Amino acid sequence: MKSPRIPIALQQSVMRCLRENLAKANLALKRNYPEPKLVYQQRGTSAGTAWLQEYEIRLNPVLLAENQQAFIDEVVPHELAHLLVWKHFGRVAPHGKEWKWMMEAVLGVPARRTHQFELSSIRSKTFPYRCRCQLHQLTIRRHNRVVRGEATYRCVHCGEPLVAEL
């Protein structure tokens, strides 16, 4: 699927949110952390990622286009918090107590680890696998790892290995 072109007004809303949250954090932390680079190149089902070493936030243009305000309100602060935690505390657990504190106490945003956006428009083909208790759908990446013998996946409920359905 080709990524949608992000309208300038939407990009401006994203940047406004980023700058407002960064200003809020800099004031609360008594620091002057720089503005991170923002790119719209995240693919797959992730809404965004924070690249610590590059001090960069990558956002999923498809999910942004489909969930505009909710995406801006949730994903932009979430990824910014990762960068701020890295600058402020160094390398710590990705969604640990420091990140939760940055989200809630500093940015004033609920600390949710995952988004709840509809993914049907970006879901790729899946492959059916079965365990003792249920049917699972593996992504093409996971399926190919199983076929190449690089991975075995287990059900989180019953612990049995997943076996491809024929």
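User: Which residues does E79 touch, not counting residues up to four places away in sequence?

Analyst: This is a predicted model, in which local features need pLDDT of at least 70, side-chain atom pairs count only at pLDDT 80 or more, and totals for chains, interfaces and linings use all residues. Residues are numbered from 1 along each chain as its sequence is written, and side-chain values use heavy atoms, with hydrogens and water left out. Contact means heavy atoms within 4.5 Å. With residues up to four places away in sequence not counted, E79 touches G48, T49, A50 and I57.

User: Is E79 buried or exposed?

Analyst: Buried means under 20% relative accessible area, exposed over 50%, and partly exposed in between (1.4 Å probe, protein chains only). E79 lies in helix α3, residues 68-89; helices are DSSP runs of H or I with at least four residues, strands are runs of E with at least two, and both are numbered from the N terminus. The relative accessibility of E79 is 6%, so E79 counts as buried.

User: Which UniProt annotation covers E79?

Analyst: UniProt positions are given in the numbering used here, feature names are shortened, and annotations may be inferred rather than shown by experiment. The entry is unreviewed, and its annotation that covers E79 reads "active site".

User: How are the axes of α1 and α4 oriented to each other?

Analyst: Axes are lines fitted to C-alpha atoms, for helices over the stretch in contact, with angles from 0 to 180 degrees between N-to-C directions. The axes of α1 (residues 8-29) and α4 (residues 97-106) come within 10 Å and cross at roughly 100 degrees. Angles under 35 degrees count as roughly parallel, over 145 as roughly antiparallel, 65 to 115 as roughly perpendicular and the rest as oblique. Therefore α1 is roughly perpendicular to α4.

User: Which residues of α4 make the contact with α1?

Analyst: On the α1 side, the contact is made by K24, A25, A28 and L29. From α4 come W101, M102 and V106.

User: Where on α4 do its buried residues fall?

Analyst: The buried residues of α4 are E98, W99, M102, M103 and V106. Seen down the axis, they fall within an arc of 135 degrees (taken from the directions from the helix axis to the C-beta atoms), so they line one face of the helix.

User: Which helices do these buried residues of α4 pack against?

Analyst: The face of α4 turned away from the buried side carries the exposed residues K97 and A105. The buried residues of α4 pack against α1 and α3.
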